[in-house]
Amino acid sequence: MKNITAAIFFFATSTIFSYGQLTQNIRGVVYDEGAKFPIPGVVVKITNLDTIFAATTNMDGEFLLKSVPIGRVNLVFSLNGYAKKTIQNLDVISGKEIVLEIGLVEQIFQKEEVVIRGKEKGKPNNEMATLSAQQFSIEATQRYAGSVNDVARMAQNFAGVQGNDDSRNDIIVRGNSPIGVLYRYEGVDIPNPNHFALLGTAGGPVSILNNNVLANSDFFTGAFPAEYGNALAAVFDLKMRNGNNQRHEFLGQIGFNGAEFMAEGPLSQSTKSSYLFSYRYATLRLFALAGINFGTGVAVPDYQDINFKINFHQKKGSTSLFGIGGLSNVSFEGGQETEGNNLFTDDFEDIAFQSAIGMVGLKNIYRVNDKIYLKTTISTSATNNQIERDSLIPPSMDKWASYRNKSLEGRNNINAQINYKRNARNLFRGGVIMDRLFFELADSLRLPMTGDWFRLTDFQGSVFLLQPYLQWQHRWTEDITVNAGFHSQFFTLNNSYDLAPRLGIKYNLNDKNTLAAAYGKHAQLPPTRVYFRQVASPGGGTFNPNQNLGMTKAHHFVLSHTYRFTPLLSLKSETYYQYLYNVPVDVQSNTYSLLNFGANFELGFPDALVNEGTGRNYGVEFTLEQIMQDGMYLMSTVSLYRSLFTGSNGQLHGAAFNGNYTLNLLGGKEFNLTFKRKEKQRRASLLIDGRATLNGGQRHTPIDEMASMQSQQIIFMEEKTNTLQYPAYFRIDLRIAYKISYPKFTQEWAIDLRNLTNHQNIFTKEFNLNTGEYQTTYQLGFLPIGQWRIYF
């Protein structure tokens, strides 16, 4: 009851009233999508209001629609020689000005209309994407039930994607390990962007990425364009928006990700330059006092983060300084953990964990002329972990220091790119990504027999990773587009390299049908700490057996068909086959494979690895989507797949992420409310969003119970690796929000009811070596999360 009471607290109502019709400005800039130069003379119209709102872009491509009534509007951008573009369901609120950046596609022959179907959907920002790509909006991360403002949790609604567990935002894409996901932020490949993140992983409990500072961004699930490398599963290409360059605006927010304040505005009224800054501090201590448990037992995580961007407008481009940073810490005390559900430790260990991440970059975009522009980004980033683990010896529960880790991984990066639009048919893009990877790795394990400390890793130094690439897009006709490219990467630690062609073709058969096919070769380095693992030498001393380990490589084939029943209702089908090879496996004959890294919190690896493993992922995906119409949207995704691997023993097994199926159903309805009392008026809306998810259960390996009890250590039945499966994962989420606008500000109260039915999904089963019984730990149950947000 106290959980529900705490959540309802966020629905406190307001009694303030406003006068007159509520309006807001819509403005922005229109540019050529291929060459990025501003386009004058574009006609901008609102098409769904009784009053006519129209404007024409000036010589700088800028437009302004003044005093637009708040609510949902549809915009049309048109100019002879360019394909018409429509933006539907743009959400206009009184508390924040709408600032858009719109790219138009130059026509080859006949007229064509390009439709961005709703603010929440659209074709990818990256013109070189052929298929398996999805643009997502910030409204989607805010509104989709269960997303709690997290881009990774939001992506779990897409076909081929599922979550690993409730306590973290790791994602499994088409049966691949979560470490196969690449995060690119403002053109920079960044480390794991999560609080409490371990080095070498790709997820965490709370994201550092603040969705309030993001622009519409891209998510790729296979055969991605040639400018992306060192990834096998998926790519997040995240863009920061610029701050408002004409007026100061602010945001306050309290919710799952923390208490937040954000500010943006012009650096000066004459330069068109702007700033954007946000700061968040953890609020989980408040939730803990209310009895709400996020899977950490009685331990209370503390974290804080910042995101910023300063953009300097220039005559032929722009220069921006941007960055993110986060600090987090938590302490688990084993003797106290029986008081709450804890998904991270057990009763017989104390763990103190601290992490820090930071990245700062400088990006310059320079338009050489109307055909060529250059984009150069320089950045530095680093992640630090400090871990202390003490075992508790029963029955006295005395502490035994068992593990220490103080490690840092960093990256100095230069990403230089040139774009050349030769004409309406041909677009070329090439560049090079140069990373200097630097390390200070030191972790030690205490040997139980002697009490001596053994250094697992002990390395200080740097290596280089070079990734040149070249891409070409050719539009044969308005309906046939070919994307070709080539990516290579070279790792100086052991001179390993990869040469990776990419090819895709898209054919619009007619207004209702689109076919596409793509192929991509991809490669990825193992987690860097694998290279520097120390092993005791028989003759004394230590050596590094994995320094010559090569990259995991993959061939990815995808076919796609999209059928549009109406302009707002479509069915997309994709089928894929991914063959992975050169996979690191144990030098000893067994079933270990790096393709299973991250399953069931299994983050360790054998002392010595070789590139002799393989893997296969194949499946089919369906996405039925109704774009928002009359305030209602609907999306249903079905993914059927198999994920297989071979270890060093040469036997084929189901992978740890071989769930076989994922089904999602989500939708929402927006109800507009208008209240009038004489001359007083306000505009409010009630938003109800829901989501249901059904995933195949987590795979696991049976235990030889008798042998385990006799030896007092867990012994798995390797010949039956991953043949068992937990019951299906099922969860229903519901989000209810009330948004109200006044002349100068907009407020929103929302409650996210996660796992509404309190369904018990198994997190793990542990075998007790003394009793011979299994102890089941369940994932998070019913969890109400309140949020309040104000724009002003």
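## What surrounds Arg475

Setting aside neighbours within four places in sequence, Arg475 is in contact with Val105, Glu106, Ile108, Ala424, Arg425, Ile480 and Thr481; contact here means heavy atoms within 4.5 Å. This is a predicted model, in which local features need pLDDT of at least 70, side-chain atom pairs count only at pLDDT 80 or more, and totals for chains, interfaces and linings use all residues. Residues are numbered from 1 along each chain as its sequence is written, and side-chain values use heavy atoms, leaving out hydrogens and water.

Arg475 itself belongs to strand 28, residues 453-475 (strands are DSSP runs of E, at least two residues, numbered from the N terminus). With a relative accessible area of 9%, Arg475 is buried, a word used for values under 20%, with a 1.4 Å probe and protein chains only.

## Strands 25 and 26

Now to another pair of strands. Strand 25 (residues 372-393) pairs with strand 26 (residues 398-421) in the antiparallel sense, over 22 bridges; strands pair if DSSP finds at least two bridges between them. One of the partners to look for is Ile418 in strand 26, bridged to Leu374. The hairpin of these strands has four residues between them, and Met397 there takes a positive phi near 60°.

## On to strand 27

Strand 26 also runs antiparallel to strand 27 (residues 426-446), joined by 17 bridges. Here Asn415 stands opposite Ile433 of strand 27. A hairpin of four residues links strand 26 to strand 27.

Conventions:
Buried means under 20% relative accessible area, exposed over 50%, partly exposed in between (1.4 Å probe, protein chains only).
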